[in-house]
Amino acid sequence: KLHLNGWINLDKPAGVTSTDMVNKIRKTLNAAKAGHGGTLDPLATGILPIALGEATKMLHYVTDTMKTYEFTVTWGQARDTDDNEGAVIAESPTRPTAEQITAALSPFIGNIMQTPPRFSALKVGGERAYNLARAGEDFTLAPRPVFVESLVLLSHTTDTATLRCRCGKGTYIRSIARDLAESLGTKGYISALRRTQVGCFNEKTAISLDKFLENALGSPAQTVLLPLRQALDDIPALNLSQTEAARLRQGQALELVSRADVVRLSEVGLDPRITDDTLALAIHDNKEVALLSATGPRLIPVRVFNI
């Protein structure tokens with residue numbers, strides 16, 4: 001097995017699971033360790049960050065970031081999966097206008113309570129909800145708090161509406177489609193779903209599965225990887241001396257209190273006077289050393305990278 005460290009920003013095709021894609025990439029690259037930054041339904045396409053090696057230590061931060069989706073709701077039917085793969089369970093002749101849809105969006109924006117789809121990976125009494133749903137079991141999923149930053153109508157036909165949603169961790173787009181339809185006095189389900197952004201990962205740096213396979217099979221594995229810091233290009237990055245890096249690698253905190261240190265911290269956006277915790281990345285010799293929790297001049301290693 002190769003000890004590869006970095007990211008594949010995969011543009012996931014429809015019809016496969018996120019786990020399928022992680023396994024495919026790990027086997028293709030003969031990588032020792034891999035994981036993904038946020039599940040996409042098999043129906044969905046789009047951005048699926050796949051971490052290899054030491055990048056898996058960052059997955060917690062990637063899954064917590066904001067995500068952007070574009071999706072199409074088809075009106076007139078409810079389906080048990082809340083997408084086009086499910087069985088029809090209710091119908092309605094009502095078709096909302098673009099004006100009605102736009103007017104109905106505001107209750108779905110902000111900090112809201114949302115009931116997850118019955119066909120989801122959440123556990124109920126130790127069992128996955130989708131297994132219980134397939135078995136016809138009677139169960140209830142409790143509403144959960146989620147955050148939706150924005151929800152806008154992009155286009156509209158008589159039978160469909162395409163929207164863009166930017167939201168936080170744990171938000172189910174299928175639930176938004178289902179509940180939006182109910183609020184409009186009709187039924188609806190997701191007929192197309194694409195994720196266009198996960199934190200710092202977007203379509204500009206994405207690679208299709210076919211292109212990945214083509215490149216990976218004809219090149220050294222490292223040539224298809226994005227660097228570890230790709231996932232964190234929106235946080236401060238601090239260059240360290242060899243001595244400082246060695247201390248962090250041993251799990252020791254740093255106190256950067258000299259006048260020169262204060263300048264160093266300030267130049268990368270770490271204000272030594274601020275006592276709130278700030279996430280930062282430590283770098284030495286152009287290699288990632290650790291994720292840091294910076295509290296004023298005190299830098300505490302949160303995740304140390306073995307590179």
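How are α1 and α6 oriented relative to each other? The two helices pack at an angle of about 15°, so α1 and α6 are roughly parallel to each other (angles under 35 degrees count as such). This is a predicted model, in which local features need pLDDT of at least 70 and side-chain atom pairs count only at pLDDT 80 or more, while totals for chains, interfaces and linings use all residues. Residues are numbered from 1 along each chain as its sequence is written, and side-chain values use heavy atoms, with hydrogens and water left out.

**The helix pair**

- Helix α1 covers residues 18-29 and helix α6 covers residues 209-218 (helices are DSSP runs of H or I with at least four residues, numbered from the N terminus).
- Their axes, which are lines fitted to C-alpha atoms over the stretch in contact, lie 10 Å apart.
- From α1, the residues M21, K24, I25, T28 and L29 meet L209, F212, L213, A216 and L217 of α6 (contact means heavy atoms within 4.5 Å).

**Around T72**

- You will find T72 in strand β4, residues 67-75 (a strand is a DSSP run of E with at least two residues).
- T72 counts as buried because its relative accessibility is 16% (buried means under 20% relative accessible area, with a 1.4 Å probe and protein chains only).
- Beyond its neighbours within four places in sequence, T72 has contacts that include T160, A161, Y189 and S191.
- T162 is also in contact with T72.
- R164 is 92 residues from T72 in sequence, with 9.0 Å between their C-alpha atoms.

Conventions. Axes are lines fitted to C-alpha atoms, for helices over the stretch in contact, and angles run from 0 to 180 degrees between N-to-C directions. Angles under 35 degrees count as roughly parallel, over 145 as roughly antiparallel, 65 to 115 as roughly perpendicular and the rest as oblique. Buried means under 20% relative accessible area, exposed over 50%, partly exposed in between (1.4 Å probe, protein chains only).
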